Amino acid sequence: METGIALDLGTSGFRAQCLDLREEEVVSTAITMGHPLPGANVMDHLHFAIECGKELAHHLILSAVYKLLRALEVDAKSIKRMAVCGNPIQLSLLQNEEIRDLAYSEDFVKRHGITALERDGKVLAAEKIGLKILNAELYVPPAVKHAIGADSLAMVVKSGFLNAKGPTLVTDYGTNAQMALKVKDEIITGSAAAGPAIEGQQIEQGMLAAPGAISDLRFDFGWRCYVLDDEMFSKPGDIVDLRNGHAKEKGLMHGKAKGVTGTGVVATVAIGLLSGLISLPRINSHTHKLHLQDGVTFTEDDLKEAGKAFGAIRAGHLTMAEHLGISLEELSSMYMAGASGTYVDPVKAQVVGMVPLTARTAYQVGNTSLALAGDLVKDPEILDYLQKLAEELRPKHVMFATSEVFKNVYVQELAYWNEGMPLSKYNELLGMLGIQRLSVKRSELEVKRIVERDIPVIGKKGLRILRDVGTTLLGKFDGCTGCNICVMKCPKRAIKIVEAGDRYHVTVESHVCNGFGCLKCVSVCPAKVFRFNELGIAC
Amino acid sequence: MTTPRGLGIEVGRKFAKNPDVLISRISAILKETKIPPKAKVEVKSAEEILKPFTPQQENLKRIFKLVTDGDAKKTEELVVSELKKGTKPLDLIEKALLPGALAVAKLYDAGYCYVPEVLLSSGAMNAGLKHCKAAIGETKKKGKIVMHVADGDIHEIGKNIVKAILEAKGYEVIDLGPSVPPDKVVEAVKTHKPLAVSGTSLMTTTRMTFPKIAKMLADEGIDIPFIVAGGAVNQQFAEQFNLGIYAKGAEQGEVVLRSVTERKSWKDIRKEIHSSY
């Protein structure tokens with residue numbers, strides 16, 4: 001049997017599928033719990049690669065891919081083709097390419113003589129990037145520009161966005177929220193630095209989607225928490241009194257909640273706003289927190305962080321609408337992509353502004369990156385089509401950070417979320433700046449779930465979940481006294497001290513470590529010898 | 001601009017759990033200062049706040065109102081026409097433009113307006129100021145601060161908000177803009193001799209420029225506070241290099257500038273601000 005491998009390299013983890021090339025169907029699926037690189041979001045991964053070396057990052061990613069291939073139970077000799085999809089940072093790290101042009105502004109890149117890559121679509125021997133699989137070709141789809149990479153292209157192509165009638169919006173909710181707006185034949189793309197709050201980070205008890213994450217809150221004569229189980233299904237938890245955490249009724253997932261994920265943050269804020277428990281920027285409970293189950297809380301600081309993310313997305317939508325000269329009220333459909341897009345409740349997303357208030361239909365389309373990789377494996381010819389599409393979209397990309405419209409709208413968003421500025425004043429100020437006003441009436445949203453879970457077909461061999469996707473990193477720091485303070489203070493318990501003769505070595509589990517988003521180990525070391533960038537592979 | 005914003009909630013919040021504490025504290029203060037128990041707390045209305053800043057002359061009053069309304073275009077038009085009529089630029093600055101922004105800053109502090117309105121007023125003030133450039137040097141400013149966004153980073157919104165607030169409060173901001181190489185920051189500090197210098201970073205990859213700047217400043221014998229702000233930095237990060245002080249917003253920026261005029265060292269200022277978090 002000739003097989004093909006579809007690979008999706010995402011921020012929260014990798015997903016792979018083995019396809020039978022003749023029958024053109026999925027045989028097995030494997031997903032990782034977490035990302036092999038230290039860090040909590042894609043910027044952390046980028047930072048790690050820059051500080052610790054992209055060769056090390058490349059090695060960690062390849063190890064993870066090998067582990068996935070083993071989990072797929074596929075015979076390496078049978079693999080004829082591989083296709084990969086993901087954001088530009090992940091894809092460039094996989095190919096051990098330049099990544100610094102993604103970390104800094106254009107002028108910095110020029111000044112430091114860094115060659116910015118075009119990131120066009122390509123075919124290459126898998127061996128070339130270090131994958132010692134015999135006779136397999138690797139297909140890499142093109143990126144559009146900056147943060148609009150192959151994953152955004154997948155979002156545009158696989159969601160149904162391209163064929164939809166009427167003004168259509170698609171958004172892939174993530175740390176870098178990518179979005180595209182289509183009006184008749186014109187498509188514009190943009191990406192907003194929404195920030196880690198969307199994935200659940202920068203939130204005190206936030207976490208990436210993983211077992212134990214509170215992912216939703218639903219009304220059941222009270223507010224019931226929904227928690228992800230070991231198979232990543234959202235299962236009912238306790239009905240809680242949000243003002244104090246008192247469990248009114250225990251659910252299936254009682255005792256299992258460890259934190260709240262991005263979609264859970266959306267649910268919490270939406271319910272807070274609807275119930276009056278949140279009067280921006282305040283939470284109206286005695287403790288000024290919202291209490292979910294099992295002691296998981298949501299603070300006013302968390303609300304501020306979440307607001308910055310929601311505001312960036314709404315500002316992005318408004319900016320694109322302004323650029324194409326339409327009012328958001330003319331929008332008919334909204335496509336929601338990405339893992340967050342699949343699991344979030346579109347109605348609650350609408351309450352917090354992640355879906356325009358006037359949208360009429362919301363389509364939840366699942367993991368479009370993996371779907372596109374699968375298509376490429378089955379029909380490599382579509383690479384040309386993707387390249388043409390990318391080239392068409394390139395000139396029509398809006399860099400929000402430098403757009404005057406975005407900046408003006410975002411300042412209003414900050415005031416709305418952080419200062420409690422009312423929407424009426426928000427609109428008055430937008431009017432003064434010559435920008436369209438936001439509708440204040442929320443329309444009835446029709447939700448169409450295209451997929452039941454973000455990977456709809458997992459194949460007859462089923463789904464494997466890989467938990468230990470990382471590699472053990474080793475640090476040999478002169479002056480280390482083995483005091484174990486870094487071990488104790490590490491919030492993820494990723495560090496161990498190992499005796500090596502008369503010296504001490506440090507090991508760090510790469511997929512557990514929060515990397516440059518944390519660096520507690522560096523700051524708490526009493527001898528000041530913990531040099532994170534000197535970590536290497538444990539042989 | 002007369003929407004009140006959360007007056008009183010701050011006090012209520014602190015003592016909500018322990019009203020007895022509040023009562024005993026107030027009694028203690030009353031005993032100390034001998035204020036009669038029926039003393040009222042004065043809350044000024046927006047009009048009352050605006051009054052002392054409002055100029056008497058009709059033409060200056062009109063410009064003042066345009067600044068407080070945040071209308072940059074009309075402010076500029078009126079300033080240009082006044083200059084043509086022979087009105088002294090110094091009068092325009094000191095009686096209309098500056099007071100307009102200062103008044104809005106006071107309204108913001110009192111909760112009567114929001115950050116976007118401060119930005120608009122500051123924009124209107126600057127639109128008028130640029131035609132009075134000749135006279136600017138003569139005006140008294142509270143002090144200077146050099147602000148920039150980290151080398152390689154282009155996110156300016158946060159810096160621009162703080163800049164508008166500090167300008168509205170009477171400070172002079174030398175804005176170096178986005179993505180500034182470290183040597184240009186040090187050069188600007190040497191040229192302008194500000195009370196403090198600030199750097200904003202939203203991407204963690206770009207924040208490593210700040211320790212570099214701190215070292216370069218130290219090498220030149222400069223020991224003014226180096227305020228770092230933005231989503232990519234925090235208290236922990238700021239404490240890793242000399243001169244570093246982490247600011248959550250404009251409020252901390254103000255405290256730093258005031259403290260420097262009071263001759264406090266960066267070390268003491270850092271201690272004060274970091275312990276307040």
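Reader: Where is Gly482(A) placed?
Author: Gly482(A) sits in the loop between β24 (472–475) and α14 (485–489) of chain A. Helices (H or I, at least four residues) and strands (E, at least two) are DSSP runs, numbered from the N terminus. This is a predicted model: local features need pLDDT of at least 70, side-chain atom pairs count only at pLDDT 80 or more, and totals for chains, interfaces and linings use all residues. Residues are numbered from 1 along each chain as its sequence is written, and chains are lettered from A and ligands numbered from 1 in the order in which they are written.

Reader: Why is Gly482(A) called partly exposed?
Author: Gly482(A) has 13 other C-beta atoms within 10 Å. Buried takes 20 or more within 10 Å of the residue's own, exposed 12 or fewer, partly exposed lies in between; C-beta atoms are placed from the backbone. So Gly482(A) is partly exposed.

Reader: Which residues does Gly482(A) touch, not counting those up to four places away in sequence?
Author: Ile497(A) and Tyr504(A). Contact means C-beta atoms, placed from the backbone, within 7 Å.

Reader: What makes β25 and β27 of chain A edge strands?
Author: The open sheet of 4 strands has the order β25-β26-β24-β27 (chain A), with antiparallel pairing. β25 (495–500) and β27 (536–537) each pair on one side only. Pairing needs at least two DSSP bridges between two strands. β25(A) and β26 (503–509) of chain A are joined by 6 bridges. Within that pair, Lys496(A) stands opposite Thr507(A).

Technical notes. Two residues are in contact if their C-beta atoms, placed from the backbone, lie within 7 Å.
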